[in-house]
2 protein chains.
Amino acid sequence: MTPAFLRTAVVIGCGVTGTSIALALTGAGVEVALVDQDADAVARARRTGAGTAWTPDRPPADLVVVATPPSTVVDVLHDAQARGLGHVCTDTAGTKDIVAAEAELRGCDLKGYVPGHPLPAGDPAAGPSASRFAGRPWILCPYDTTPRWALATVAELAALCGAVRRDMTPQEHDLAMAAVSHVPYVVAAVVAGGLLDVDPALLPLAGDELAGVVRAVAALPGAGSDLLAHNAGPVADRLDKAAGALAAAARMLHRGEDTVPVELALLLELGERGRAALEAAGEHRTAEDARGPDRM
Amino acid sequence: MTPAFLRTAVVIGCGVTGTSIALALTGAGVEVALVDQDADAVARARRTGAGTAWTPDRPPADLVVVATPPSTVVDVLHDAQARGLGHVCTDTAGTKDIVAAEAELRGCDLKGYVPGHPLPAGDPAAGPSASRFAGRPWILCPYDTTPRWALATVAELAALCGAVRRDMTPQEHDLAMAAVSHVPYVVAAVVAGGLLDVDPALLPLAGDELAGVVRAVAALPGAGSDLLAHNAGPVADRLDKAAGALAAAARMLHRGEDTVPVELALLLELGERGRAALEAAGEHRTAEDARGPDRM
């Protein structure tokens with residue numbers, strides 16, 4: 001695919017996400033300039049071939065990608081627009097409602113900003129890679145007023161990274177992420193934390209199922225609690241529902257009647273149906289396959 | 001290892017667990033007779049080389065392994081002892097307190113019964129295999145009155161299957177299994193069931209972490225609700241704790257104060273420590289490695 005709207009880009013934030021995007025863009029022939037308040041991070045990204053260090057003498061780029069921690073995104077975006085770093089900006093934060101609303105409140109130029117969220121495959125601990133986005137969703141949450149050319153530029157970013165663009169509202173995005181990522185993460189943390197009162201000598205009794213649940217604890221980056229706080233309403237609503245379901249199961253078991261297995265079987269059957277629905281969605285398997293057997 | 005106490009065995013229940021045990025014993029030179037109320041199940045097990053069909057003219061075996069569904073174990077055990085199928089009996093049920101107590105109440109011969117629970121690696125759906133127990137724990141819950149020769153016979157069963165014998169009380173066993181298996185299973189079912197109200201078009205947003213959590217739903221066999229009901233107290237207590245922790249996290253988020261990320265970070269940090277403890281226990285990784293890359 002030959003870039004049309006997107007020939008030059010500035011990537012702000014040379015962490016795993018930013019560097020991976022820079023690598024993908026550079027590989028697609030885009031001229032990428034790198035920014036990070038940590039000069040070492042820029043140097044590391046340069047060494048991987050992600051681009052060159054940004055310099056103040058550059059003309060505005062076609063696109064600025066803000067790939068900094070979620071709580072800093074709006075400040076960085078506002079600053080990038082004020083300094084004229086590029087014509088269109090997007091970001092990679094994992095919550096969208098609060099970021100999109102804060103950008104508006106802060107007075108960012110909404111004609112030149114398309115909130116975005118790429119959903120890479122694989123383990124961030126494995127480091128940056130141009131292929132992390134291949135075949136994975138890349139959410140865009142344009143404003144009603146977003147001009148077509150701005151949206152086309154950010155859509156090209158997703159396409160050049162091999163991702164599958166999906167447009168939705170920030171609210172739709174955050175509800176979905178609460179269900180498929182944020183709440184499973186908190187639940188996994190609670191299950192894992194519960195192991196701290198188990199005699200360590202008994203932990204080897206655990207099978208693969210526990211390892212699978214607990215591994216999810218490592219899935220969100222260090223700023224996980226920031227992310228959850230930025231999606232507080234949707235996450236809290238779902239946590240309440242999960243807490244209610246677990247408490248109901250506990251009540252059934254405490255009651256100890258003969259009907260318990262039947263009532264529990266219903267709860268487990270719903271779980272089995274949810275599992276089947278996720279498997280049918282399929283793309284998560286594809287992403288897993290892409291990880292390869294070395295990721296076992 | 002040459003069998004000492006254990007030269008002949010009867011395996012009752014030709015499901016995945018029973019057939020896997022029969023395969024391991026046959027492979028170790030034990031003469032194995034197979035019993036199942038379903039003649040097809042016996043025929044299938046015979047075809048895999050697990051042993052021969054049991055016939056009434058046989059003398060009592062050195063060991064009877066009851067590998068039937070948990071709710072039938074005590075009836076089958078009582079019947080096997082009444083018919084003199086073998087000198088020592090053990091079982092493979094996933095809860096031990098209720099089984100050990102019922103066997104006593106029912107009037108089984110406790111001198112000839114050692115409650116047991118092998119914890120195989122791998123996916124039961126992959127079918128029986130002699131190597132499922134290699135390096136994995138095999139719990140024995142002897143009574144105070146269990147004779148040494150009976151315990152030695154069952155210990156030899158575990159050793160011939162390549163498993164690591166661990167002795168504990170039925171109560172210790174059930175508390176541990178609630179923590180490392182039963183509660184994670186219920187929690188996974190609740191998370192997976194919660195996906196049923198998510199637009200299926202959004203499920204591909206899920207990453208590996210959700211797949212890992214949800215996969216645990218498939219880990220327990222069909223009679224999962226029986227198993228939970230048989231470990232009602234320990235499971236209910238832990239479910240209450242997990243429900244409390246999730247509800248507390250929801251309250252923090254609903255409150256929406258600036259301190260939320262810090263309080264949540266503590267919950268996530270405990271999860272991270274539990275994950276590290278499980279990883280340090282190590283054996284679950286070994287078991288996973290044994291599954292091989294074809295299990296991705």
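**Interfaces between chains and domains**

Chain A and chain B bury about 8,100 Å² between them, with 72% of that area on carbon and sulfur atoms; buried area here is the accessible area (1.4 Å probe) that two parts lose on being put together, summed over both. The model is a predicted one, in which local features need pLDDT of at least 70 and side-chain atom pairs count only at pLDDT 80 or more, while totals for chains, interfaces and linings use all residues. Residues are numbered from 1 along each chain as its sequence is written, chains are lettered from A and ligands numbered from 1 in the order in which they are written, and side-chain values use heavy atoms, with hydrogens and water left out.

The contact between the chains, where contact means heavy atoms within 4.5 Å, takes 90 residues from chain A and 90 residues from chain B. Four salt bridges are counted between chain A and chain B, a salt bridge being a side-chain nitrogen of Lys or Arg within 4 Å of a carboxyl oxygen of Asp or Glu. The side chains of A:R238 and B:D197 form a salt bridge, at 2.5 Å from N to O. The count of residue pairs in polar contact between chain A and chain B is 18, with both residues at pLDDT 80 or more; a polar contact is a pair of N or O atoms within 3.5 Å, and within protein one must be able to donate a hydrogen and the other to accept it, while residues adjacent in sequence count only if both atoms are side-chain atoms.

On the side of chain A that touches chain B, the elements that each supply at least two residues include β8, α6 (170-194), α9 (232-255) and α10 (260-281) of chain A, where helices (H or I, at least four residues) and strands (E, at least two) are DSSP runs, numbered from the N terminus. The element that gives the most to this side is α9(A), with 17 residues. By class, this side of chain A has 59 nonpolar, 13 polar and 18 charged residues.

Within chain A, an automatic or database domain assignment gives domain 1 (8-168) and domain 2 (173-291). The contact takes 18 residues from domain 1 of chain A and 12 residues from domain 2 of chain A. These two domains of chain A bury about 1,200 Å² between them, 67% of it on carbon and sulfur atoms. Between domain 1 and domain 2 of chain A the count of salt bridges is zero, whereas three residue pairs are in polar contact across their interface.

Terms used:
Nonpolar A, V, L, I, M, F, W, Y, C, P; charged D, E, K, R; others polar.
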